[in-house]
Every structure is written in structure tokens, then in C-alpha cells.
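I opened the model and kept notes as I went. The entries run from the whole chain down to single residues.

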Amino acid sequence: MNNSIEKILFSEEEIREKVTQVGKKISEDYKGKNPVLVGILKGSVIFMADLMRAVDINCKIAFLSARSYGNNSFSSGTVQIGDNLKSSLGEDIEGKDIILVEDILDTAATLYAVREKMKELNPASIKICTFIERNIERKVDLKPDYKCFDIEDGFIVGYGLDYAQNYRNLPYVGILKPEIYTK
Ligand code: PRP
């Protein structure tokens, strides 16, 4: 285990099991359709890579950039989304079934902003798939349609989740030692 990690919260095996279940559910729900999985960079990359292989129907992928945390451990409150959504997606999403893929749904400010912007491109539907949902009271009305895990407190990293851009490569999700982010 990485020595900045206090404890492993979700092991590689638990993650594999949950991602497989979610992929199966998406495959059932979208049978006969051709959804576009849209990963929100950067945090979603690992989840996206595993999820798309757990989906066994025809699907497309696209990515878009959105940031609200920068290098801080708290949300800046402002969500930065790439300027030209249509060209950064590299995929015409008009009339398509979209599944937004996120690593973590926290305040939901990011996904809310992304979803609102995406609506302007007239997709047929937009659903939300998050790897982790933090259970907190939210100012915005947004719930995931698919999720793998719930968490309450603790600063978590790994499996795409970072602290100051590090730890994304850990194959598990762990709780970061507080002395790392309170330094
Ligand atoms: C993180 C995470 C989500 C968002 C969730 O992104 O990947 O996109 O925060 O938080 P919210 O629900 O409170 O909006 P971040 O801005 O850290 O960028 P990153 O994906 O590059 O790590």
C-alpha cells in the first residue's frame, strides 16, 4: 500500500465486481440502443476504461474537460468546461443517448453544469453514472442513475481520484492520511 494512504476503502476486487454489475445494468437498459459514454476528465479515465469493457452492447465514447477543484481539497465553486463543447467532444451528440461518466459525485456542481451545457446540443437523453457518490446535502437537484459505491467522510484518492494531481494511478480507492493535505 502507498505510504500516504491511511486505509484501503475499496479494493481492486470489490471495484471489479461493482463495475461489472453497473456495466451489465447499462447493457440491459440500453439494449438495442447505441449510447455515448462521456467521461469527464481527468478523474473518470480509469472508471471509464473499465466500465466500457463491462458494457457489452454497441457504445461510443467521448471525453470532455471539466474542473472545479484545481489543486485544492475543496471545490472552487466555479466549474470550468472546455470552451467549445461540440468540438471538444469530437462526437455529434444530437439525438443520442448520453451517459455522463464521473469518478465522484460530491457537491454535484460539476455534473450539473456539464449536464446543462450538454442539453444545448439536443441529445435524446442524458443519464449519470458515477463511480462514487458522497452522501451530502446538495444545493443542486441531481441524482446518479448508476453508481458503484457510496461514501460519507474522508479524503479519498486512487482509481482516477487525485490529490494535487497525484494518486490517480492507485488501483484501489484509499483514504489519504490527513497530514498529506493539511501540510
Ligand atoms: C473532481 C471529480 C469530479 C468533481 C466532483 O474533479 O473528478 O469531476 O470534482 O465534484 P463536485 O460533485 O463537487 O462537482 P476536479 O475538478 O478535481 O478535476 P479532475 O477530474 O481533473 O480531478
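I started with burial: 43% of the 183 residues of the protein count as buried. I used under 20% relative accessible area for buried, over 50% for exposed and partly exposed in between, with a 1.4 Å probe and protein chains only.

I noted the ground rules next. This is a predicted model, where local features need pLDDT of at least 70, side-chain atom pairs count only at pLDDT 80 or more, and totals for chains, interfaces and linings use all residues. Residues are numbered from 1 along each chain as its sequence is written, and side-chain values use heavy atoms, with hydrogens and water left out.

Overall shape. I checked the radius of gyration, taken over C-alpha atoms. The protein has 16 Å, which agrees with the value near 16 Å for a compact globule of 183 residues; the globule rule is 2.2 Å times the number of residues to the power 0.38. The C-alpha trace spans about 50 × 35 × 30 Å along its principal axes.

Elements. I counted 5 helices and 9 strands. Both are DSSP runs numbered from the N terminus: helices are H or I with at least four residues, strands are E with at least two. From the N terminus the order reads β-α-β-α-β-β-α-β-α-β-β-β-β-α.

Contacts. I took heavy atoms within 4.5 Å as a contact. Among contacts with a separation of 6 or more, 69% join residues 24 or more positions apart.

Helix α2. Which residues are buried in α2? I found F47, M48 and L51 buried in this helix, residues 45-54. Seen down the axis, the buried residues fall within an arc of 95°, so they line one face of α2; the arc is that of the directions from the helix axis to the C-beta atoms. They pack against α1 (12-29), β2 (36-41), β3 (60-67), β5 (97-105), β6 (125-134) and β7 (146-151).

Most residues other than glycine have a negative phi, and most peptide bonds are trans. I found a cis peptide bond joining L41 and K42, with omega about -5°. K42 lies in the loop between β2 and α2.

I then looked at the loop between β8 (156-157) and β9 (173-176), where Y159 lies. Y159 is not a glycine, yet its phi is positive at about 50°. Y159 is buried at 3% relative accessibility. A164 is found in the loop between β8 and β9, and its phi is near 50°. A164 is partly exposed, with a relative accessible area of 31%.
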